[in-house]
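Subject: Structure for you to look at

Hello,

Here is the structure I promised to pass on. Please open it and keep it beside you while you read my notes.

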Amino acid sequence: MTQAAKLIYTASTHTSGGRHDGISRSLDGRLDVKLSPPGGAGIGTNPEQLFAAGWSACFEGAMEKAARKREIVLPRKSAIDAEIDLLLEDNTYSLRARLNVSLPGLDPEAARAIIDEAHLTCPYSRAVRGNIDVTVALI
């Protein structure tokens, strides 16, 4: 990070117990979730679901910024279906992601340009670039 970078926000959480009957709470009290393994019988969420929710919300914000730049209003019913796969290969875990973006009523060429710019600027997309397989589709 350069000295010119301006800190916007710091998210702070405390997690104990991990994915197996763990809990995660934000220091400001806004997040308080139980954790359980993916596909397990537990009642909590899992890190992959939290990542999917965070990334899709951030990506939508990046799309809004890209659309404003083009003087386009995003459709009210725009949505992102994020899918995060947890993979195991050769005893090593990794992730794979798909973002399926719906921008109903928007010209497909304009929609694709907005999505492509969002994928370049979204902090989550930037964080995983080159690290995991990501597909961003206009549906």
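First, a term: helices here are DSSP runs of at least four residues, numbered from the N terminus. Also bear in mind that this is a predicted model.

**The aromatic rings**

Start with helix H1. Phe-51 and Trp-55 both lie in it, 4 residues apart, or about one turn of the helix. In general, an α-helix has 3.6 residues a turn, so residues three or four places apart point the same way.

A search of the whole structure finds 2 aromatic pairs. In one of them, the ring centres of Phe-51 and Trp-55 are 5.4 Å apart, and the planes sit at 45°, so this pair is tilted. Buried means under 20% relative accessible area. Trp-55 has 0% relative accessibility, so Trp-55 counts as buried. Phe-51 has a relative accessible area of 22%, so Phe-51 is partly exposed.

Phe-51 also pairs with Tyr-124. That pair is tilted too, at 5.8 Å centre to centre and 45° between the planes. It links distant parts of the chain: Phe-51 is in helix H1, while Tyr-124 is in helix H3 (residues 123-128), 73 residues apart. Tyr-124 is partly exposed, at 30% relative accessible area.

**The core**

Next, the largest nonpolar core. It has 23 residues. Trp-55, Phe-59, Met-63, Val-101 and Leu-103 have the most contacts inside it. Two or more residues come from each of H1, strand E4 (79-89), E5 and H2. H1 gives the most, with 7 residues. Take Met-63 as an example: its contacts include Leu-74, Ile-80, Ile-114 and Ala-118.

**Helix H2**

Helix H2 covers residues 108-121. Its 14 residues reach 20 Å from first C-alpha to last, close to the 20 Å expected. Which residues of H2 are buried? They are Ala-110, Ala-111, Ile-114, Ile-115, Glu-117 and Ala-118. These cover an arc of only 165° around the axis, which puts them on the same side of H2. What covers them includes helix H1 (47-69), strand E5 (92-102) and strand E6 (133-138). The face turned away carries the exposed residues Pro-108, Glu-109 and Leu-120.

**A serine in a strand**

Last, look at Ser-26 in strand E2 (residues 23-26). At 13% relative accessibility, Ser-26 is buried. A polar atom of its side chain lies 3.1 Å from the backbone nitrogen of Arg-30. Ser-26 also touches Ser-12, Thr-13 and Leu-31.

Best wishes

Conventions: Residues numbered from 1 in each chain as written. Predicted model: local features only at pLDDT ≥ 70, side-chain atom pairs only at ≥ 80, totals over all residues. Heavy atoms only, no water. Expected span 1.5 Å × (residues − 1). Buried < 20%, exposed > 50% of the residue type's maximum accessible area, 1.4 Å probe, protein only. Arc of directions from axis to C-beta. Contact = heavy atoms within 4.5 Å. Polar contact = N/O pair within 3.5 Å; in protein donor to acceptor, adjacent residues only side chain to side chain. Core = buried A, V, L, I, M, F, W, Y, C linked by side-chain atoms within 4.5 Å. Phe/Tyr/Trp six-rings, centres within 6.5 Å; stacked < 30°, edge-to-face > 60°.
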